[in-house]
Amino acid sequence: MTVDVPQRNSGAGGVDDGIGVTALLVAAARAIETHRHDSLAQDRYAEHFVRAAPASAGWPIRIQQVPDGDANPLWGRFARYFGLRTRVLDDFLHQAAHAGTRQVVLLGAGLDSRAYRLDWPPDCVIFEIDREGVLAFKHKVLNQLAATPTATRIPIPIDLRADWVTALTTAGFDPTAPSAWLAEGLLFYLPSAAETQLINAIDRLAAPGSALAFEVKLDKDLMEYRDSPLYTATREQIGIDLLHLFAKEPRPDSAGNLAQRGWSTTVHTPFDFTHRLGRGPLPESNDALAGNRWVFADKVGGGRG
């Protein structure tokens, strides 16, 4: 299957601009979250990714390095959002693995270090799919730290526009066994047809008992949030125009499509988990996070859960 997605720039270490730099943004947010006294998620590798890339070497990795601290829309509220998302998706993968799932697929893995920092069962396999430059940059940084994965890690250096399905199955993925899938911060950037193709491919590859988590935005005019403090701060402070990177066309109802195919789906706002965990962003006016939804789906009929 071929998915037409925006290209990550793979020069200068593999993560130098565009969507690649968004991976560094998330890494910086995870570093800040790691050093908080009330941390939601721990990622001791995140700050090393930030410091290793020229584009982000001067970014903060602790909230104390931000002059206005948590009042800063980017390094305060937005970073806390990424910390919350990291925790929730960590919990999702933990639940799947410790309920018996032994295959995990990270789509657009970026600088995700879950294969190294989470407590996996010894026979678990983590497949990381992303462009060669991004995975090479991550491997270089982790290798310099002498980091050791806590599960079998299989990187698959391929663009999601290419035949990643064949690459995944060739690498040892077993479509007859339950699997856990994660598309974190990915679908925002896909054209509508590409998102549908991706979800359809997961449905074909996922055996009963599999689980999937992904993040979407509501189908609405994103430009109405052009002046949102989160997007304004991101543009002005680190030069990333997220609204320029996001796909502008109407979005598919991927959660509904999965439900029609026999998956059990639940859709949450990030604020649901803020209330559940007692930490994280809360709604505010002109809120760029208001349209974000986190979708969790289980393919009915297997042994998971």
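The model is predicted, and the volumes and linings below are computed from its protein atoms alone. Rolling a probe the size of a water molecule over the atoms shows where empty space is left.

**The cavity**

- The count of cavities of 30 Å³ or more comes to one, and the largest cavity has a volume of about 520 Å³.
- Its lining is made up of 43 residues, of which T22, E184, G185, L186 and Y189 are the closest to the centre of the cavity.
- Two or more lining residues come from each of helix 1 (19–34), helix 3, strand 1 (103–107), strand 2 (125–130) and strand 5 (211–217), with helix 1 giving the largest share, seven residues.
- When the lining of the largest cavity is divided by class, 27 residues are nonpolar, eleven are charged and five are polar.

- Helix 3 (73–98), strand 6 (263–268), helix 11 (270–277) and strand 7 (292–299) each contribute at least two residues to the lining of the largest pocket.
- By class, this pocket lining comprises seven nonpolar residues, five polar residues and four charged residues.

**An element in both linings**

- Helix 3 supplies at least two residues to the lining of the largest pocket, and helix 3 also gives two or more residues to the lining of the largest cavity.

Methods. Residues are numbered from 1 along each chain as its sequence is written. This is a predicted model: local features need pLDDT of at least 70, side-chain atom pairs count only at pLDDT 80 or more; totals for chains, interfaces and linings use all residues. Side-chain values use heavy atoms; hydrogens and water are left out. Helices (H or I, at least four residues) and strands (E, at least two) are DSSP runs, numbered from the N terminus. Ala, Val, Leu, Ile, Met, Phe, Trp, Tyr, Cys and Pro count as nonpolar, Asp, Glu, Lys and Arg as charged, and the others, Gly among them, as polar. On a 1 Å grid over the protein atoms alone, a cavity is a set of points where a 1.4 Å probe fits but cannot get out, and a pocket is an open set with protein on both sides within 12 Å along at least five of seven lines; lining residues have an atom within 4 Å of a point. Grid points are joined across faces, edges and corners, and a volume is the space filled by probe spheres set on the points.
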